[in-house]
Amino acid sequence: MADDLFYGAVSLEHIDGGIKPWRIPYRDLALFLPNGIDSKAEICAGVRLRLRTDSTSVIIMFAPLEEAARMDCTVDGALHSTVALLKGDSAAPFTMLPGEMADLEIFLPQNTGMTIIGLRVMSCAEFAFFPDQRPKWVTYGSSITQCVDARSPSYTWPAIASRRSQFNLTCLGFSGNCHLEPTVARMIRDLPADFISLCVGINVYGAATLSPRTFKPALIGMLETIREKHSHTPLLVISPIYAPDRETTENKLGFTLIAMREEISQTVALMQNRGDRRIFYLDGLELLGLADADHLPDGLHPDASGYELMADRFVDRGINALRDKGIFL
């Protein structure tokens, strides 16, 4: 195995003869409390292997899975096949590939971690690395960015949006663990990025980790930290999507989602008024709102088609809207 196959990871740990992708710098695990962002940092959301081959089959080998999962193979940017894996499986075969030189992306699961042990193509086949030279997009958020309930890992809303908009994705969606931690802000600051988006608030509401007194200062701190090394990088701040039971119901600290969206909007306006011309606000209700409540089976997380709807709207109202402003090409 070679590091040059991996994209979308923050770091790669060489372990037990394989490579384990992480979405934090794994050597700093102790700093990302608790236990690597509640063990979410080792989940492979957005991580993929990229190669160019004329093999009609590619087999990915890995340490036995701790839970059932899915992996996707795209060929020249279009989904070719999905492999459903069971707990304990250790190989994912992708067959009936074109048999001529094509660009492949193998998407690792968005619900579990993996240690990749090997990649096998046909003995007579050509093989080359497939560098991802697209602009780098780093997106941060909650389970709604990790997208466990997407139909497969290449159909999370960030994966769809990156494919349609030609971005090299790093997905920092941490289920239950988007709490504006300073270590995460420093990590985003230090990552290469041509575009950064932050979808914040829903976990803060759910766990009542920040109050109306402390939320806005914490968000300012995250934004200012990121700006230390990304002073001109387009930065899109997204408020929570619709959640019927949280819109007007106060949590333990007196927050509602309506109030939280206003706090986020005000924070972005504050930064703009201080001269930041490349920070923008996107109301989460534009991605999934009251009219889309049927796509929220548990009242919080979108279903598979809801994530695809979010991707369509994010491309239109987020990325393309910024392109129309001349923010990036």
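Biologist: Where does P34 sit?
Modeller: P34 lies in the loop between β3 (18-22) and α1. Keep in mind that this is a predicted model.
Biologist: And the peptide bond from L33 to P34, is that cis or trans?
Modeller: That bond is cis, with omega near -10 degrees.
Biologist: Okay, on to phi. What is the phi of M96?
Modeller: M96 is not a glycine, yet its phi is positive, about 55 degrees. You'll find M96 in the loop between β8 (91-94) and β9 (102-107).
Biologist: Is M96 buried or exposed?
Modeller: Exposed, as the relative accessible area of M96 is 73%, and anything over 50% counts as exposed.
Biologist: What about phi for Q166?
Modeller: Q166 has a positive phi too, near 60 degrees, and is a residue other than glycine. Its loop runs between α3 and β13. With a relative accessible area of 45%, Q166 is partly exposed.
Biologist: Nice. Changing topic: which helix does α4 run alongside, and how do the axes cross?
Modeller: Look at α4 (residues 182-190) and α6 (residues 215-227): their axes come within 8 Å and cross at roughly 25 degrees. That makes α4 roughly parallel to α6, because angles under 35 degrees count that way. The crossing of α4 past α6 is right-handed.
Biologist: Which residues of α4 and α6 meet there?
Modeller: From α4 you have V184, A185, R186, I188 and R189, and they meet M222, T225 and I226 of α6. By class, the residues of this contact are five nonpolar, one polar and two charged.
Biologist: Which residues of α4 are buried?
Modeller: V184, A185, M187, I188 and R189 are the buried ones in α4.
Biologist: And what do those buried residues pack against?
Modeller: Besides α6, the buried residues of α4 pack against α1 (35-38), β12 (136-141), β13 (168-173) and β14 (195-199).
Biologist: How does α6 pack with α7?
Modeller: The axes of α6 and α7 (residues 257-273) are 10 Å apart, at an angle of about 40 degrees. That makes α6 oblique to α7. Here, too, there is a right-handed crossing as α6 passes α7.
Biologist: Who touches whom between α6 and α7?
Modeller: On the α6 side there are F215, K216, L219, I220, L223 and E224, and on the α7 side M260, E263, I264, Q266, T267, L270 and M271. The contact of α6 with α7 has eight nonpolar, two polar and three charged residues.
Biologist: Let's jump to D149. Where is D149 found?
Modeller: D149 belongs to the loop between α2 (143-146) and α3 (157-165). D149 is partly exposed, at a relative accessible area of 46%.
Biologist: What is D149 in contact with, apart from its neighbours within four places in sequence?
Modeller: Those partners are H301, P302, D303, A304 and Y307. As for Q110, D149 is 39 residues away from it in sequence, with 9.0 Å between their C-alpha atoms.
Biologist: Last one, the big picture. How many helices and strands are there?
Modeller: There are eight helices and 16 strands. The radius of gyration is 20 Å, close to the 20 Å from the globule rule for 329 residues, so the protein is as compact as a globular protein of that length. Buried residues account for 55% of the 329. Of the contacts between residues at least 6 apart in sequence, 75% join residues at least 24 apart.

Technical notes
Residues numbered from 1 in each chain as written. Predicted model: local features only at pLDDT ≥ 70, side-chain atom pairs only at ≥ 80, totals over all residues. Heavy atoms only, no water. Axes fitted to C-alpha atoms, helices over the stretch in contact; angles between N-to-C directions. Helix = DSSP H or I, 4+ residues; strand = E, 2+ residues; numbered from the N terminus. Parallel < 35°, antiparallel > 145°, perpendicular 65-115°, else oblique. Left-handed = near helix turned anticlockwise from the far one by under 90°. Contact = heavy atoms within 4.5 Å. Nonpolar A, V, L, I, M, F, W, Y, C, P; charged D, E, K, R; others polar. Rg over C-alpha atoms; globule rule 2.2 N^0.38 Å. Buried < 20%, exposed > 50% of the residue type's maximum accessible area, 1.4 Å probe, protein only.
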